[in-house]
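Biologist: Could you take me through this model, beginning with the overall picture and then moving to the details?

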Amino acid sequence: MNAHREPVADASWEASVSAWVDGEAELRAEELDTPYGRQVWDTYHLIGDVMRSHDLAIQPSERFYARLTTALDAEPAIVAPLALPRHPAWRLGLSGLAVAAAVASVVWMVRPLMSGTPTQPAAAPVMAQADDTEAPDPTLADYMSAHQDMAGAGPVRQVSYDSMGSR
């Protein structure tokens, strides 16, 4: 199992090494028995040590920060144009269909008025008539006369707004 791993290892293997260092997974030492495996193991331990103690971290000099700032300022700014919104073709078809439906409905409603021939109602509606064969119930007449004030004279109840302010 002394197969030499290439320096470009897959991320899942390095993630498993990180889990081994953190104690989150069972250690498989045979996978670390290569120069690259030992280097990754040492690197992850160094990362852990630096995270626990800032004294082990390398403090860059002011000259390093100056060179980094100069290099960043020298890089060209990448400005990309905004992407134009693309409308699907079916949306254009639906909007055209909606306009056609609106025009058709207006034409359908206006057509009888524009034709010039007056339309006559088919026949006068026949009102329902009471059947006189039965005698009215005398208690129903008393009920109707007692409630005539509430119901009003016609089928529509009359509303007064005069008493609204006194409540």
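Modeller: What follows is a discussion of this predicted model, from the whole chain down to single residues.

Biologist: Good. How many helices and strands are there in the chain?

Modeller: The chain has 6 helices and 0 strands.

Biologist: What about contacts between residues 24 or more positions apart?

Modeller: Among the contacts in the chain with a separation of 6 or more, 43% are between residues 24 or more positions apart.

Biologist: Let us turn to α1. Which of its residues are buried?

Modeller: In α1 the buried residues are Trp-13, Ser-16, Val-17, Ala-19 and Trp-20. Seen down the helix axis, these residues fall within an arc of 160°, so they line one face of α1.

Biologist: What does the face turned away from the buried side carry?

Modeller: That face of α1 carries the exposed residues Ala-11 and Asp-22.

Biologist: How far does α1 reach from its first C-alpha to its last?

Modeller: Helix α1 has 12 residues and reaches 16 Å, close to the 16 Å expected at 1.5 Å a residue. Just after α1, Gly-23 takes a positive phi of about 80°.

Biologist: Against what do the buried residues of α1 pack?

Modeller: They pack against α2. In turn, what covers the buried residues of α2 includes α1, residues 11–22.

Biologist: Then Trp-20, please. Is it buried or exposed?

Modeller: Trp-20, which lies in helix α1, counts as buried because its relative accessibility is 6%, and the cut-off for buried is under 20%.

Biologist: With which residues is Trp-20 in contact, leaving aside neighbours within four places in sequence?

Modeller: Trp-20 is in contact with Trp-13, Ala-25, Glu-26, Leu-27, Arg-28, Glu-31, Leu-32 and Trp-41. The C-alpha atoms of Trp-20 and Trp-41 are separated by 9.0 Å, and the two residues are 21 residues apart along the chain.

Biologist: Now α2. How many residues does it have?

Modeller: Helix α2 spans residues 35–52 and has 18 residues. From its first C-alpha to its last, α2 reaches 26 Å, close to the 26 Å expected at 1.5 Å a residue.

Biologist: Which residues of α2 are buried?

Modeller: The buried residues of α2 are Tyr-36, Gly-37, Val-40 and Gly-48. Viewed down the axis of α2, they fall within an arc of 115°, so they line one face of the helix. On the other side of α2, Pro-35 and Leu-46 are exposed.

Biologist: What is the relative accessible area of Leu-46?

Modeller: Leu-46, whose place is in helix α2, has a relative accessible area of 52%. Leu-46 is exposed because that value is over 50%. Its C-alpha atom is separated by 9.5 Å from that of Ala-57, 11 residues apart along the chain.

Biologist: A change of topic: how many salt bridges does the count come to?

Modeller: The count comes to 2 salt bridges. One joins Arg-38 and Asp-33, with the closest N and O atoms 3.6 Å apart. Arg-38 counts as partly exposed at 44% relative accessibility, and Asp-33 counts as partly exposed at 41%.

Biologist: And where do the side chains of Asp-49 and Arg-52 meet?

Modeller: Asp-49 and Arg-52 meet in a salt bridge of 3.0 Å, N to O. Being 3 residues apart in helix α2, Asp-49 and Arg-52 are separated by about one helical turn. An α-helix has 3.6 residues a turn, so residues three or four places apart point the same way. Asp-49 counts as partly exposed at 33% relative accessibility, whereas Arg-52 is exposed at 64%.

Biologist: Finally, the surface. Which residues form a nonpolar patch there?

Modeller: Val-106, Trp-108, Met-109, Val-110, Leu-113 and Met-114 form a nonpolar patch with about 740 Å² of accessible area together. Leu-113 is found in helix α4, residues 89–114, and is exposed with a relative accessible area of 70%.

Key: Residues numbered from 1 in each chain as written. Heavy atoms only, no water. Helix = DSSP H or I, 4+ residues; strand = E, 2+ residues; numbered from the N terminus. Expected span 1.5 Å × (residues − 1). Buried < 20%, exposed > 50% of the residue type's maximum accessible area, 1.4 Å probe, protein only. Arc of directions from axis to C-beta. Contact = heavy atoms within 4.5 Å. Patch = residues over 30% accessible without salt bridge, like charges linked within 9 Å, V, L, I, M, F, W, Y side chains within 5 Å. Areas by Shrake-Rupley, 256 points an atom, 1.4 Å probe, with all protein chains shown as cover. Salt bridge = Lys/Arg side-chain N within 4 Å of Asp/Glu carboxyl O.
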